[in-house]
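Please open the model in your viewer and keep the sequence panel beside it, ready for a sequence of selections.

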Amino acid sequence: MWRATVLTLFPEMFPGPLGISLAGRALTSGVWSLEARDIRNAATDKHRSVDDTPAGGGPGMVLRADVLAAAIDAANVAPERPRLLMSPRGAPLTQPRVMELAEGPGPLIVCGRFEGVDQRVIEARGLEEVSVGDYVLSGGEIAALALMDACVRLLPGVMGKLSSGADESFSDGLLEYPQYTRPQDFEGRTIPDVLVSGDHARIAAWRRAEAEALTRARRPDLWAAKIGQNIVSDPRKDTTKG
């Protein structure tokens, strides 16, 4: 079973949207499990304090290293499980990384709050910082939900067909091609003829071309990475040989 353990100041936020639809049914049926643990349970004073002012001064508060470390230790997760910290300064979450996480035993996810987390606990407990985008949220909970949703939908038995995720955005380093369905004519806009031709080879070629065009136009960073992969993987394009 794939397991997710979340450390948060707001355990009531979970499972949230992961308790419905495909993820919710998979959670109920035991395909995966979710444990939300309150960081405040590791506090030692009567006020259950978890934060303090930042060393060196500045606004806001910082999650204490000793309290968060105690919360991580109390979770008692197996050493082979990834330890993640949702953080805007982390490495961007990508589909290949999601696939790695989905194929593993399931992560421990720390949800930060306030101005951040004491750097010493990040280092001492081997937390991998992960970002879901170049923006700042009020805390790591929404980011953790996004990460878990991305993983859970890839677990065996969650999606209806094993091939459902094969042609999605980022699965091959490209954005997904446009999708269409009935009616054939919508406000004068018709489905492209190739998609109703029954010619599977032409349809595949059209979809590939559309995916490449969309990626070039909307995500030049992805396109550049894709081109780089193709050059490296194709020895005929090896520019290091004379």
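Predicted model: local features only at pLDDT ≥ 70, side-chain atom pairs only at ≥ 80, totals over all residues.

Begin by selecting Gly112 together with Val132, Gly133, Asp134, Tyr135, Val136 and Leu137, which an unreviewed UniProt entry annotates as "binding site".

Next, centre the view on Asp134, which sits in the loop that runs between β7 (128-131) and α5 (141-152). Is Asp134 buried or exposed? Its relative accessibility is 80%, and because the cut-off for exposed is over 50%, Asp134 counts as exposed.

Then move to Tyr135, which is likewise placed in the loop between β7 and α5. Tyr135 has a relative accessible area of 45%, so this residue is classed as partly exposed. If you display the side chain of Tyr135 and the backbone of Val132, you can follow a contact at 3.1 Å from that side chain to the backbone oxygen of Val132.

For the last stop, select helix α3, residues 95-103, and highlight Gln95, Val98, Leu101 and Ala102, which are its buried residues. Where do they lie around the helix axis? They cover an arc of only 115° around the axis, and therefore they are on the same side of α3.

Definitions and conventions: Residues numbered from 1 in each chain as written. Heavy atoms only, no water. UniProt positions renumbered as here; feature names shortened; annotations may be inferred. Helix = DSSP H or I, 4+ residues; strand = E, 2+ residues; numbered from the N terminus. Buried < 20%, exposed > 50% of the residue type's maximum accessible area, 1.4 Å probe, protein only. Polar contact = N/O pair within 3.5 Å; in protein donor to acceptor, adjacent residues only side chain to side chain. Arc of directions from axis to C-beta.
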